[in-house]
Amino acid sequence: EIVHGDPVDYLTGASEDADLVVLDATGDGVSDAVVARARCPVTVVPSATRAASASPPPDAPVVVGVKDLAGSAHLVRFAALEALRAQRPLLVLHSWTYPGPQVHDEAMMVLGQEKMRLLRHLVDPIAEAIPEVSVRAEVVQGRAEETLITASRSAALVVLGSREERWRSPRLLGPTRRRILDSVACPAATVPDAPASALAIA
């Protein structure tokens with residue numbers, strides 16, 4: 001279908017009734033604007049020069065980055081269903097940095113263990129609901145964007161949420177998601193905050 005007019009307006013409108021929108025990372029701002037405004041998940045496919053591999057190996061995982069350990073069930077469900085469809089393992093990552101002066105190693109270890117407990121509380125029910133998918137959860141110290149960009153080099157798909165505050169304009173992404181989408185070496189899917197019915201596990 002050939003459509004005349006603003007591609008952002010058209011694709012944003014189409015996202016109202018779509019399960020998924022797929023775009024090339026063209027660098028002209030269209031994909032950024034659609035990701036920022038779409039009402040369904042949007043997958044951005046990197047250029048051939050940036051992609052790590054056109055055909056990732058069978059054991060390449062779907063990787064999902066989780067920021068909110070209490071409110072990201074829909075995000076992990078989406079990633080798990082994508083892993084199920086692609087017959088791939090799922091890797092759930094939570095990155096964190098200590099928000100203040102560095103504390104001693106024992107305190108950092110305790111904080112990390114608590115974050116892992118919360119991450120398992122999020123992930124385990126979804127793993128039990130989709131037993132066909134091998135699920136691994138990891139808590140990593142560091143910046144979220146660096147963690148996902150590194151993971152993308154050996155992943156089939158990276159999944160991230162859209163809880164970052166809209167930046168300056170509804171047509172612009174915040175700096176963290178913008179950097180991830182500009183730098184990942186595999187397709188990246190952004191899932192909107194409101195879970196769609198299509199994300200539910202039957």
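The model is predicted, so to speak from the start: local features need pLDDT of at least 70, side-chain atom pairs count only at pLDDT 80 or more, and totals for chains, interfaces and linings use all residues. Residues are numbered from 1 along each chain as its sequence is written, and side-chain values use heavy atoms, leaving out hydrogens and water.

Let's begin with helix 1 (residues 7-14) and helix 2 (residues 30-37), which pack at an angle of about 35° with their axes 9 Å apart. Axes here are lines fitted to C-alpha atoms over the stretch in contact, with angles from 0 to 180 degrees between N-to-C directions; helices are DSSP runs of H or I, at least four residues, and strands are runs of E, at least two, numbered from the N terminus. On the helix 1 side, Pro7, Val8, Asp9, Leu11 and Thr12 meet Val30, Ala33, Val34 and Arg37 of helix 2, where contact means heavy atoms within 4.5 Å.

Next, the axes of helix 5 and helix 6 come within 10 Å and cross at roughly 15°. That makes the two helices roughly parallel (angles under 35 degrees). Glu145, Glu146, Leu148 and Ile149 of helix 5 touch Thr176, Arg179, Ile180 and Ser183 of helix 6.Lastly, the largest pocket has a volume of about 630 Å³ (the space filled by probe spheres set on grid points joined across faces, edges and corners). A pocket is an open set of points on a 1 Å grid over the protein atoms alone where a 1.4 Å probe fits, with protein on both sides within 12 Å along at least five of seven lines.

Terms used. On a 1 Å grid over the protein atoms alone, a cavity is a set of points where a 1.4 Å probe fits but cannot get out, and a pocket is an open set with protein on both sides within 12 Å along at least five of seven lines; lining residues have an atom within 4 Å of a point. Angles under 35 degrees count as roughly parallel, over 145 as roughly antiparallel, 65 to 115 as roughly perpendicular and the rest as oblique.
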